[in-house]
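Keep it plain, and group the points by topic.

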Amino acid sequence: MHRYRFVLTRPLQFLPVIFGISVITFILVRLIPGDPARNILGTRATPAALASIRAQYGLDQPMWLQYVYFLKNLANGEMGKSILYKIDVLKLIVTRIEPTLALVVSSVVLSVLIAVPMSAIAARNAGRAPDHAVRIVSTFGIGFPPFWLGLMLIILFSVELGVLPVSGYGATIGEKLSHLVLPSLTVALSLSTVLTRSLRAAMIEQLKSDVATAARARGMPEGIVFWRHVLPNSLVPTISLLAVNIGWLIGGTVVVETVFALPGMGQLLVRAIFSRDYMVVQGVAMVFACATVLINFIADIVTVTVDPRVRL
């Protein structure tokens with residue numbers, strides 16, 4: 001169990017990262033041009049009314065003091081109050097977590113289901129036509145922006161074929177699943193191309209390894225060699241790459257949720273930025289940062305579990 005000692009120390013290393021993200025987010029969001037009070041009251045608001053709103057939300061205080069209040073709220077398990085929605089930011093975020101979480105999980109699962117078979121086909125036919133076809137598809141897939149890909153899928157499956165909804169989230173489980181198909185496919189097609197290239201290279205290397213050669217020498221069929229020895233040993237670098245890209249995926253939900261009008265945290269963040277709702281922007285950014293850190297932490301644990309040789 002000494003391989004898992006990092007589980008006790010790694011969370012302490014994440015604290016400076018979270019603190020740095022909070023500082024950067026706090027500063028950048030206040031550099032956005034515009035006045036939250038004027039966004040609420042309109043262009044004809046009187047100076048007295050604007051001053052009252054700024055005082056109500058602490059916007060008239062120095063920036064360093066506003067940041068101290070922000071940290072104090074975090075220590076108390078709070079994130080302040082939304083200027084636009086007039087409710088606690090944490091409660092608001094909780095209502096938006098489900099669509100974003102469902103999108104991320106379904107996209108990752110779908111990406112793996114696409115990447116593993118494509119990588120296996122390419123690796124077992126290295127240098128031949130199937131390998132070249134997979135590499136070409138992967139190369140083109142990397143170049144397609146998610147927002148463009150999402151629009152193309154909407155045109156094909158919603159407008160032309162009419163088999164899937166254009167946007168929204170739905171109320172029942174069945175409706176939610178149907179509304180998640182196109183957004184998940186959009187993300188998966190982008191993410192799976194990166195995973196396929198990495199996993200293909202790792203599989204080709206493992207097919208030439210001593211472990212695979214020894215297994216063949218014992219008379220083990222090529223299929224068993226591949227799925228029992230090659231694939232598990234190829235997963236270690238791919239797990240790390242997947243963790244990094246899930247971090248990108250969490251941030252990328254902003255684009256996908258906007259295209260498909262999913263009422264998740266990404267769409268909430270976009271609206272909060274346009275309305276200068278500082279507390280919501282800070283709260284969503286902190287949740288995204290913590291989620292990314294947590295995913296990388298879980299990836300480290302999975303990596304050590306899959307490959308006992310790894311020491312972290």
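R200 is found in helix 8, which covers residues 173-207. The model is predicted, and in it R200 is buried, with a relative accessible area of 16%, because values under 20% count as buried. Leaving out residues up to four places away in sequence, R200 touches S119, A122, A123, D131 and R135.

**R124 and its surroundings**

- R124 has its place in helix 5, which runs over residues 89-124.
- The relative accessibility of R124 is 38%, so R124 counts as partly exposed; that class lies between the cut-offs of 20% and 50%.
- Apart from neighbours within four places in sequence, R124 is in contact with L207, E222, G223, F226 and W227.
- One of these residues, G223, is 99 residues away from R124 in sequence, and their C-alpha atoms are 9.8 Å apart in space.
- Another, F226, has the charged end of R124 sitting over its ring, 5.2 Å from the ring centre.

**Helix 5 against helix 11**

- Two packed helices are described by the distance between their axes and by the angle between those axes.
- For helix 5 and helix 11 (residues 265-274), the axes come within 7 Å and cross at roughly 130°.
- On the helix 5 side the meeting residues are L92, I93, R96, I97 and T100, and on the helix 11 side they are M265, G266, Q267 and L268.
- Sorted by class, this contact has five nonpolar residues, three polar residues and one charged residue.

**Aromatic pairs**

- A search of the whole structure finds six aromatic pairs.
- One of them joins F14 and F297, with ring centres 6.0 Å apart and 85° between the planes, an edge-to-face arrangement.
- F14 lies in helix 1 (residues 6-30) and F297 in helix 12 (residues 278-306), so this pair ties together parts that are 283 residues apart in sequence.
- F14 and F297 are both buried.
- Y67 and F70 form a tilted aromatic pair, at 6.2 Å centre to centre and 40° between the planes.
- Both Y67 and F70 lie in helix 4 (residues 63-75), where they are three residues apart, about one turn of the helix.
- Y67 counts as buried at 13% relative accessibility, and F70 is buried with a relative accessible area of 2%.
- Ring pairs link Y67 and F70 with F19 and F26 into a cluster.
- The ring of F26 also has a charge over it: the charged end of R30 sits 3.8 Å from the ring centre.

**Positive phi angles in loops**

- K86 is a residue other than glycine, and its phi is positive, near 65°.
- The place of K86 is in the loop between helix 4 and helix 5.
- K86 is partly exposed, with a relative accessible area of 44%.
- R276 is not a glycine either, yet it has a positive phi of about 60°.
- The loop that holds R276 lies between helix 11 and helix 12.
- At 18% relative accessibility, R276 counts as buried.

Methods: Residues numbered from 1 in each chain as written. Predicted model: local features only at pLDDT ≥ 70, side-chain atom pairs only at ≥ 80, totals over all residues. Heavy atoms only, no water. Phe/Tyr/Trp six-rings, centres within 6.5 Å; stacked < 30°, edge-to-face > 60°. Helix = DSSP H or I, 4+ residues; strand = E, 2+ residues; numbered from the N terminus. Buried < 20%, exposed > 50% of the residue type's maximum accessible area, 1.4 Å probe, protein only. Lys NZ or Arg CZ within 6 Å of the ring centre and 35° of its normal. Axes fitted to C-alpha atoms, helices over the stretch in contact; angles between N-to-C directions. Contact = heavy atoms within 4.5 Å. Nonpolar A, V, L, I, M, F, W, Y, C, P; charged D, E, K, R; others polar.
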